Amino acid sequence: MNVIRNVTCPICGTLCDDLEVTVKDNVIVDAANTCAISDAKFMNYSNPKHRNLTPLVRKNGELRETSLEEAIKKSAEILVDASYPILYGWSCTSCEAISAGVELAEEIGGVIDNTSTVCHGPSILSIQNVGIPTSTLGQIRHRADLIIYWASDPYSAHPRHMERYTAFSNGRFQKSEWAHYVARLRGILGKKRLSRASELVLMKEAELPVVSGGKLPPKFETDKRKLIVVDVRKTRSAELADFFIQVEPNKDFELIQALRLLVRDEEVETDQVAGVPVSLLEDVADTMIGCDFGVLFFGVGLTMSSGKLQNIDAAIALTRDLNYRTKFVIMPMRGHFNVAGANIVSTWQTGYPFAVDFSQGYPRYNPGETSAVDILSRDEADASLIVASDPVSNFPRRAVENLVKNPLIAIDPVVSPTTAMADVVLPSAFVGIEEGGTAYRMDRVPLPMKKLVDPPQNCLSDREILQRILHHVKRLRAQRGIA
Amino acid sequence: MTLILKLKKKLSAPVSAECISPDTFAGKQESEIAGLTLWEGNRKRQLSEIFEVEGISGSSPSETTIHIKGDLSKTRRIGAGMTEGRIVIQGNGGMHIGEEMKGGTILVEGNAGSWLGSAMKGGVIEVKRNAGDYIGGAHRGSTKGMRGGVIIVHGNAGSEAGSHMRKGLIKIFGDADQFAGIYMKDGTIVVHGNSRGRLGAFMTSGKIVVCGKAESVLPTFSIDKINRKTKIHGDEIAGPFYVFVGDLAEHGNGKLYLSQTENEHLKSVELFL
């Protein structure tokens, strides 16, 4: 029995690095300090039902087992023959593998794009437009006294974010509100049980919980840590918050712009904006100005609803305006554990964070033109390599149709709709469990991922698979006399 | 002098065609033009591999007219940086048509893609049908959009028409999607159809006229007055128009002219006059 301490969790952008994993005979038997999502991954990752364990190549319409060498050769041929290949994924692998991927993209003249194109790509475009006043999560843990989650549900998607960095954390200058929130949680659970019981007994539907009222509660004037959630529906995080503001769907832009006016002491001429009374917004603006260190975390609900990057432009501009009055920072809630790393490696090596087109030999960047979903929707790509991602289950239908009709190579440790539709499947090792590497947290702090157990036979790391494909690509191009 | 390019095949990968411009073609023989290089995906091709070339080009760009036939929706940057002459696209055009053009005219008889006339400085672009997003916009990361010239779209336009616009005129006879005139610093946008709203977000100056219905006005715009009519480059457009000023979140002084008769839902703002 061997307990490995300070393990970095390979799930979400929070990248918790305090896990304790117990390993016995190359098998993980226990994992401590995990959330429900990471516990499920650590305890079930090796289930052979979900794993790709042998390389597969499609012959006569069926995926057949083959040798690793054969699968890598076939992949290299597909990529060399393609005139506009896409290399997509990258956010669930290590920075070392992404670096190898960028080299491969340059060699074959392809487009390399990462999953931020469908999550926080607009945030990146916005940061390029407006800049970003931000900090590390450590600063926020120790100093932030006003925490706002906008269009993000950390309770469900980043389960330990509040515990490690915001409302539940015990910082040097800010005390944890943990006990307070636990009492509130118990109250909510009690109410839910009661309403369920009344539903059963009285055969009628329980009343919906009350959403944003016209005024902030009086306890907001105390100097304790405050948590506000802004969302289109009452999420689990919203239930925990001191105050919840319900915004009409796709109206976030109007709400942020109105807040900007109020922060500048100007008037809003209407009674309500995006379904929120202006009197309440005035109170919220006062709370924002009145805090010592505020932070605005925003999620995909802001980047992918109507307005996209303009929502983020407005949110960053709001943070900028607030910095005339107090200290305020803003941070995107990055999803996959190394999606920030994908942007950073891409920027370090090509100058651009995502959607980089190498087709003319040098990096070009124009999201909308060179981003994966747009290219696939317009049916321009003629081959794809997908690494550690599952676009078949989450891209728009037209993009998926065009993705699967052309040769598709998938490098993935698990069976997914993408590997099921692929022409070549290369099994790989789980980064953070079977393979080490580097990953970037959502605040762009790099953390080491640990190798805890050995991968199954035939499962190489993403990096090694990509380097082998690159080696074959170079040899093929030399044989064909391509410069 | 007219030169005719006919598309030989259906395009799949994007074709980077910035060499198709009167400035490049002027004074060149047919064979020289056929030998110009362009990119199809990651392959370098000669112009004659993709287009049939017929006719003769003029001795100077101003005497050169280029007619292009076929579905060019996969092409990029036709007429980029052109200074004089004329291009007629007899079919659909691709992205970045007339990017950074300084003069001359481009006529697209079908639809045009996104970034039509982005960062253009002069000349005229006319699209007979619909155009994509970012008409007269800026390059990614740049704050310099259209700085002169005229763009006329007879159909509908996508979102963010005239983003970061600094000078010039955009006329849209159909509808415009949201965020028309975003970050606008100067110049004029006229939408004869309806607008999906969020007009002039972050604008600091300039003029946006909507003759149809505007779905909404941002809370950062304030009603100023009601005008009976307005003038665009000497042409009078009959109103009456609600005149809004904004974007106040940017201390802006841009003007929104929204038709009073088509925008009954804005009647409540008259209380503030």
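This is a predicted model: local features need pLDDT of at least 70, side-chain atom pairs count only at pLDDT 80 or more; totals for chains, interfaces and linings use all residues.
Biologist: Let's start with B:Ser114. Why is B:Ser114 called buried?

Modeller: Count its neighbours. B:Ser114 has 22 other C-beta atoms within 10 Å, and the label buried needs 20 or more. So B:Ser114 counts as buried.

Biologist: Where does B:Ser114 sit, and what is it in contact with?

Modeller: B:Ser114 is in the loop between β9 (105-108) and β10 (124-127) of chain B. Leaving aside neighbours within four places in sequence, its contacts are A:Gly368, B:Met95, B:Gly132, B:Asp133, B:Tyr134 and B:Gly158. As for B:Gly93, that residue is 21 residues from B:Ser114 in sequence and 9.7 Å from it in space, C-alpha to C-alpha.

Biologist: What makes A:Arg172 buried or exposed?

Modeller: A:Arg172 has 9 C-beta neighbours inside 10 Å, and the cut-off for exposed is 12 or fewer. So A:Arg172 is exposed. You'll find A:Arg172 in the loop between α7 (161-164) and α8 of chain A.

Biologist: What makes α3(A) mostly covered?

Modeller: Ten of the 14 residues of α3(A) are buried. Among them are A:Cys95, A:Glu96, A:Ile98, A:Val102, A:Leu104 and A:Ile108. Helix α3 (residues 95-108) of chain A reaches 20 Å from its first C-alpha to its last, close to the 20 Å expected. Just after α3(A) comes A:Gly109, with a positive phi of about 65°.

Biologist: Which non-glycine residue of chain A has a positive phi near 60°?

Modeller: That's A:Asp379. A:Asp379 lies in the loop between α15 (372-377) and β17 (383-387) of chain A.

Biologist: Why is A:Asp379 called partly exposed?

Modeller: A:Asp379 has 17 other C-beta atoms within 10 Å. Buried takes 20 or more and exposed takes 12 or fewer. The count falls in between, so A:Asp379 is partly exposed.

Biologist: What about B:Arg77: buried or exposed?

Modeller: B:Arg77 has 24 other C-beta atoms within 10 Å, so it is buried. Its phi is near 60°, a positive value in a residue other than glycine, and it lies in the loop between β7 (75-76) and β8 (86-90) of chain B.

Biologist: How do you know that the peptide bond from B:Gly239 to B:Pro240 is cis?

Modeller: Look at omega: for that bond it is near 0°. B:Pro240 lies in strand β16 (residues 235-246) of chain B. The bond from B:Gly246 to B:Asp247 is also cis, with omega near 0°, and B:Asp247 lies in the loop between β16 and β17 (254-259) of chain B. These get a mention because most peptide bonds are trans.

Biologist: How do helix α10 and helix α11 of chain A pack?

Modeller: Helix α10 (residues 252-263) and helix α11 (residues 278-290) of chain A pack at an angle of about 65°, with axes 9 Å apart. The crossing is right-handed. On the α10(A) side, A:Ala258, A:Leu259, A:Leu262 and A:Val263 take part.

Biologist: What kinds of residue make up that contact of α10(A) with α11(A)?

Modeller: Nine nonpolar, no polar and one charged. A:Glu282 of α11(A) is one of the residues there, and Glu counts as charged.

Biologist: Last one: how many residues bring chain B into contact with chain A?

Modeller: 25 residues of chain B are in contact with 27 residues of chain A. The chain B side has twelve nonpolar, eight polar and five charged residues.

How values were computed. Residues are numbered from 1 along each chain as its sequence is written. Chains are lettered from A and ligands numbered from 1 in the order in which they are written. Two residues are in contact if their C-beta atoms, placed from the backbone, lie within 7 Å. Axes are lines fitted to C-alpha atoms, for helices over the stretch in contact, and angles run from 0 to 180 degrees between N-to-C directions. Helices (H or I, at least four residues) and strands (E, at least two) are DSSP runs, numbered from the N terminus. A crossing is left-handed if the near helix is turned anticlockwise from the far one by less than a right angle, and right-handed if clockwise. The expected span of a helix is 1.5 Å times one less than its number of residues.
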